[in-house]
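The following exercises are intended for a reader new to this structure.

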Amino acid sequence: MIHIDFESLRTIGLTQSVASQLATINELAEGTRLARVTEIHRDWAVVHDGALESRARSLNRLVQSLQAGGDALAVGDWVLVETHAHDEQWLSERLPPVTHLARRTSDGRRQSLASNVDTALLVMGLDHDFNLRRLERYLALAESSGVEPVVVLTKADIGVDVEDRMRQLTERLPRRVQAFALNALGDEPARVLAPWLAPGQTLILLGTSGAGKSTLTNALSSSSQETGGVRRGDNRGRHTTTARSLHQCPSGACIIDTPGLRSWQPDADEEALAASFDDIGELARHCQFRDCAHEEEPGCAVRGAVDPDRLLNYRKLLRDARRSQQTPLERIADRNKWKVIIKAHHAKERQR
């Protein structure tokens with residue numbers, strides 16, 4: 001039986017639901033301890049056991065198990081660590097994550113982001129970073145993974161049209177999602193976000209480069225992450241964070257900072273997307289036709305009641321979700337079908 005110093009491990013996010021999983025493991029090497037992954041590198045990981053950080057590599061049986069399961073090791077995972085000869089640290093097993101955040105790359109591959117997260121802080125700047133469509137993608141990513149989303153709008157002190165943008169946000173997002181506009185410097189973030197910073201809680205910051213994620217991490221965890229502004233000319237953020245990393249907060253919570261995400265898709269199916277756009281689903285029940293696409297059909301209860309740009313974004317995310325679930329042959333057939341449709345459309349335009 002493995003010994004657990006619950007109070008020490010709680011400072012890096014241990015919960016009772018995670019600890020209870022240890023009872024299902026029968027054979028453990030002598031000296032095995034529980035630790036949490038705080039950084040991932042190509043050939044090794046950094047793990048924290050509640051007292052100290054150390055480097056560790058994965059045993060072959062863990063590598064094979066992860067490959068069979070389909071998800072790579074991620075920051076936030078709880079793992080069992082064995083000490084071998086010459087004090088080498090080896091990861092022998094990963095505990096099944098309670099929650100797991102992943103995204104789809106442009107070629108459809110699934111990429112792990114973080115595990116065992118309670119709250120996702122969706123960070124967006126009130127400057128040129130303000131983009132409601134992108135925020136809805138982050139919302140779909142969090143909710144499809146069973147993670148509570150909280151919107152944090154940074155740069156409230158230097159933002160553009162702050163009141164109008166907060167109004168747009170309130171009108172567009174579901175009422176269940178809480179949103180705050182704040183200055184990421186100073187003690188305001190810790191005060192405003194205190195309800196989500198209780199001991200044992202784990203948060204992840206999601207947003208583009210330059211949105212203020214590292215600045216927010218520094219304010220909440222008293223760490224010294226490198227920060228940077230936006231580039232001159234296009235106002236796009238600089239990549240000051242290059243890898244995901246877990247940080248401890250004085251309150252007892254943990255924060256996972258991430259590099260900026262731009263070109264990606266939520267790892268969500270149609271059902272998960274429908275939950276994030278539940279206002280559209282609720283209105284769709286009153287459409288005249290059951291299979292209404294909310295485009296040109298008569299008797300549509302959605303058009304006119306939902307922000308047109310929100311509806312357009314929902315359709316795009318739905319197409320992405322369906323495409324990610326297709327086999328390679330299905331994607332080729334779908335691509336060929338659209339080539340024929342587009343070719344026919346161009347031919348018709350030339351005849352006019």
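**Exercise 1.** Determine which ring the charged end of Arg55 sits over.

*Solution.* The charged end of Arg55 lies over the ring of Trp44, at 3.9 Å from the ring centre. The criterion is that NZ of Lys or CZ of Arg be within 6 Å of the ring centre and within 35 degrees of the ring normal.

The model is predicted: local features need pLDDT of at least 70, side-chain atom pairs count only at pLDDT 80 or more, and totals for chains, interfaces and linings use all residues. Residues are numbered from 1 along each chain as its sequence is written, and side-chain values use heavy atoms, with hydrogens and water left out.

**Exercise 2.** Describe the surroundings of Gln89.

*Solution.* Step 1: locate the residue. Gln89 belongs to strand E5, residues 89-94 (strands, E, of at least two residues and helices, H or I, of at least four are DSSP runs, numbered from the N terminus).

Step 1: Gln89 counts as buried because its relative accessibility is 14% (buried means under 20% relative accessible area, exposed over 50%, partly exposed in between, with a 1.4 Å probe and protein chains only).

Step 2: list its neighbours. Leaving aside residues up to four places away in sequence, Gln89 touches several residues, including Arg33, Arg55 and Val81 (contact means heavy atoms within 4.5 Å). The side chains of Gln89 and Arg33 are joined by a polar contact of 2.8 Å (a pair of N or O atoms within 3.5 Å; within protein, one must be able to donate a hydrogen and the other to accept it, and residues adjacent in sequence count only if both atoms are side-chain atoms).

**Exercise 3.** Find the aromatic pairs and classify each one.

*Solution.* Step 1: a search of the whole structure gives 2 aromatic pairs (rings of Phe, Tyr and Trp, the last by its six-membered ring, with centres within 6.5 Å; planes under 30 degrees apart are stacked, over 60 edge-to-face, the rest tilted).

Step 1: Phe180 and Trp196 have ring centres 5.8 Å apart and planes at 70 degrees, so this pair is edge-to-face. Phe180 is in strand E10 and Trp196 in the loop between helix H6 and strand E11, 16 residues apart.

Step 2: Phe277 and Tyr314 form a tilted pair, with 5.0 Å between centres and 45 degrees between planes. Both Phe277 and Tyr314 are buried.

**Exercise 4.** State how many disulfides a search of the whole structure finds.

*Solution.* The search finds 0 disulfides (pairs of cysteine sulfur atoms within 2.5 Å). For Cys249, the closest cysteine sulfur, in Cys254, is 6.8 Å away, too far for a bond.
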